[in-house]
Amino acid sequence: MSDVSNTLGGTPTKDGAFLSVRDLKVHFTTSDGIVKATDGLSFDLERGKTLGIVGESGSGKSVSSSAIMGLHRGTNAKLSGEILLDGVDLLHVSDEEMRKRRGRDVAMIFQDPLSAMHPYYTVGNQIMEAYQVHNDVTKREARKRAIEMLDRVGIPQPDRRVDDYPHQFSGGMRQRAMIAMGLINNPSLLIADEPTTALDVTVQAQILDLLQDLQRDFDAAIIIITHDLGVVAEMADDVLVMYAGRAVEYGPGKEILTHPEMPYTWGLLSSVPDLTASTEAKLIPIRGNPPSLLNPPPGCPFEPRCDHVAKVGGDLCKTVLPELTPARSGGNHTKRCHLENPDEVYEAEILPEIAPDLVED
Amino acid sequence: MLGFVVRRLISALLVLFAVSVAVVAIFTYGPSDPARAMCPEPKCSVQRQDAIREALNLDQPIHEQYIDYMTGIVSGREIAAGTEAYECDAPCFGVSFIYRTMVWDDIKDRIGPTVSVAIGAGVTILLIGVPIGMFAARRRGTMADKAVIGSTLVIESIPYYLFVLLAFLYLAVSFGIFPQKGYHSFTDSPVQWAWALVLPWLALGMVNASKYARFTRGSMIEAFNEDYIRTAKSKGLKESKVVYKHALRAAVVPIVTIFGIDFGALLGGTIFTEKIFDIPGLGLRSLEAVTQSDLPVIQATTLISAAVVIAANVVVDLFYSVLDPRVRVT
């Protein structure tokens, strides 16, 4: 089974997953050529589970999630592949059908809650609107429901704050209000696009807690897009590491964080500051910049920035795009790398650099 | 909010004060000598002109002249013009040098036509410009967008007076579709009033609407790129609601800002339009006064136009704070 899907550039399929994305491609036609923002992405997600999508800016995280929301409709983006939500391919439903599903089946919360809320309408108005569009209710009922949701996400005095404008809310409260708006129709899938990036650290933790709480109550599947591995460690059951529009490593969160087998993931881990580590531990940024998605290199997209190219024979990294293959550590863990023994390289070279105290055990 | 209103009103009054000082100063420091303008050389001797200057209080220091003038506006005053003295009731803007009539009596009849032109033109500008801009914004990048915006540029690059003149010559004179002359008071006959003004409205409206079309397009496109539009879409709102409730609501704020200023300018009188269509408005009167060096009339029209423009700006600012809740708290 896994062999077949691997030749498609996908990951092993689990039949009948709640959300199943298969070989998703999002290409934008520009005057300079085709930008392959997402190029053959596959993953699965069950209800009640959380998938963390990690990667640098421009790696295709947000573009892929917008594709699930159907937000590329009406633009010049070309989409192909399958997005199966409960068996229905969202890429092939009508615009009107997709509109009805947006906010009801699939909801999204955004990075910066200040710019993501309309500055001229009250928070309550915007939440009520999200409810009214999918439910045939009176204004009074919608308002009651909005107040309930605000209360549920922990806004104090919700019956009073419902009439405030977004600028009268603090950053954390705005994000809570966004979450209330996203969850008001009990969506089965919630996409959180860097939900805590614009918030300070203490508020971040509260928001993540809230999301986990609500996930338990609503049994929703959550996709959390982030570049913060701390968020991933706290939230995600599965992790998908994206680079240059492709999955470069995919598997259970714990696996990816403890036994990463792709140099890009190592780079991400090395650039995380660790408060508990000794001051000797270095913070190592990944050198260089992500490749242009307009003219991606023919081989491994990470090759120009990779420190381990020499360990692979010949110019394999430069010329051949590695397939997503099962990791050495087994499980459902897959990675896209030509290295023969990435697990040994990690143990020997990377771990001592980023967590010297772990090597002793 | 109250503090904002008070601050805004104070600054408006300061501007008005500066304009009024300049207006009074025209008498003493202006390029034309009031005594000569009133009674030129062969008719009046130099001694006679000196007597006129004295009668006009021109020998007084400027601040006394200013106080005199302002007192006149507020409570009326007595004015000497030539050999006679005139009882000038409030609001007194002086006596016309040429017609020896009260300037206010002359001007107050001019306000109606100018306001009529301004309101109609303002409505036309918005009714034509904003929908075209929205149409283009929703189809940005398409041929329809390019055609519409291209034609607004063509219209706008035609000099305004030429545009109005051509409209008048073809539509009123050659084809006789619209009446050529005449202004009818609204209270006399609303139908005739409107019919006589349709062409000026359309002419003024079309020329200015092209600017509003491009402006609306720009601010709608800007709004479409905002994060909250993506939020609105991701809630599953209908396209029409996203466009009209969310995008237009945001785009309307900058449109209101420039509209207030343009509308104020229209209220100050439109010289070309009034001249070509022979509408007895403020613009026409001030043009006449300038050619005749009729200083009191120039003063009055300048002051009134300035007051109207300043008032329009204040109204825009107050309206702005109604439109944008973020401004309200200050």
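This is a predicted model: local features need pLDDT of at least 70, side-chain atom pairs count only at pLDDT 80 or more; totals for chains, interfaces and linings use all residues.
Just after helix 9 of chain B, G236(B) takes a positive phi of about 90 degrees. Helix 9 of chain B covers residues 227-234, and six of its eight residues are buried, so it is largely enclosed by the rest of the structure. The buried ones are Y228(B), R230(B), T231(B), A232(B), K233(B) and S234(B). What do they pack against? Part of the answer lies in the other chain: helix 2 (61-69), strand 6 (106-109) and helix 4 of chain A are packed against them, together with helix 10 (239-267) of chain B.

That leads to the contact between the two chains. Here 22 residues of chain A are in contact with 17 residues of chain B. On the chain A side, helix 3 (95-101), helix 4 (113-116) and helix 5 (123-132) each supply at least two of the touching residues. Sorted by class, that side of chain A has 11 nonpolar, five polar and six charged residues.

Zooming out to chain B as a whole, there are 14 helices and two strands. Its C-alpha atoms fill a box of roughly 85 × 55 × 35 Å along the principal axes. Of the 330 residues in chain B, 35% are buried. Now take the contacts in chain B between residues at least 6 apart in sequence: 66% of them join residues at least 24 apart. An unreviewed UniProt entry places the feature "domain: ABC transmembrane type-1" at residues 111-316 of chain B.

The axes of helix 5 (residues 103-138) and helix 8 (residues 190-224) of chain B come within 4 Å and cross at roughly 35 degrees. This crossing of helix 5 and helix 8 of chain B is right-handed. The contact of these two helices of chain B has 23 nonpolar, eight polar and two charged residues.

Over in chain A, another pair can be followed residue by residue. The axes of helix 8 (residues 171-183) and helix 9 (residues 201-218) of chain A come within 10 Å and cross at roughly 15 degrees. These two helices of chain A are therefore roughly parallel to each other, and their crossing is right-handed. Which residues meet there? Helix 8 of chain A brings G171(A), G172(A), Q175(A), R176(A), I179(A) and L183(A), while helix 9 of chain A brings V203(A), Q206(A), I207(A), L210(A), L211(A), L214(A) and F218(A). By class, this contact of helix 8 with helix 9 of chain A has eight nonpolar, four polar and one charged residues.

Is K49(A) buried or partly exposed? It counts as partly exposed, because it has 19 C-beta neighbours inside 10 Å. Setting aside neighbours within four places in sequence, K49(A) is in contact with A221(A), D237(A) and D238(A). K49(A) and Q212(A) are 163 residues apart in sequence, yet their C-alpha atoms are 9.8 Å apart in space.

Notes: Residues are numbered from 1 along each chain as its sequence is written. Chains are lettered from A and ligands numbered from 1 in the order in which they are written. Axes are lines fitted to C-alpha atoms, for helices over the stretch in contact, and angles run from 0 to 180 degrees between N-to-C directions. Angles under 35 degrees count as roughly parallel, over 145 as roughly antiparallel, 65 to 115 as roughly perpendicular and the rest as oblique. A crossing is left-handed if the near helix is turned anticlockwise from the far one by less than a right angle, and right-handed if clockwise. Two residues are in contact if their C-beta atoms, placed from the backbone, lie within 7 Å. Ala, Val, Leu, Ile, Met, Phe, Trp, Tyr, Cys and Pro count as nonpolar, Asp, Glu, Lys and Arg as charged, and the others, Gly among them, as polar. A residue is buried if 20 or more other C-beta atoms lie within 10 Å of its own, exposed if 12 or fewer, and partly exposed in between; C-beta atoms are placed from the backbone. UniProt positions are given in the numbering used here, feature names are shortened, and annotations may be inferred rather than shown by experiment.
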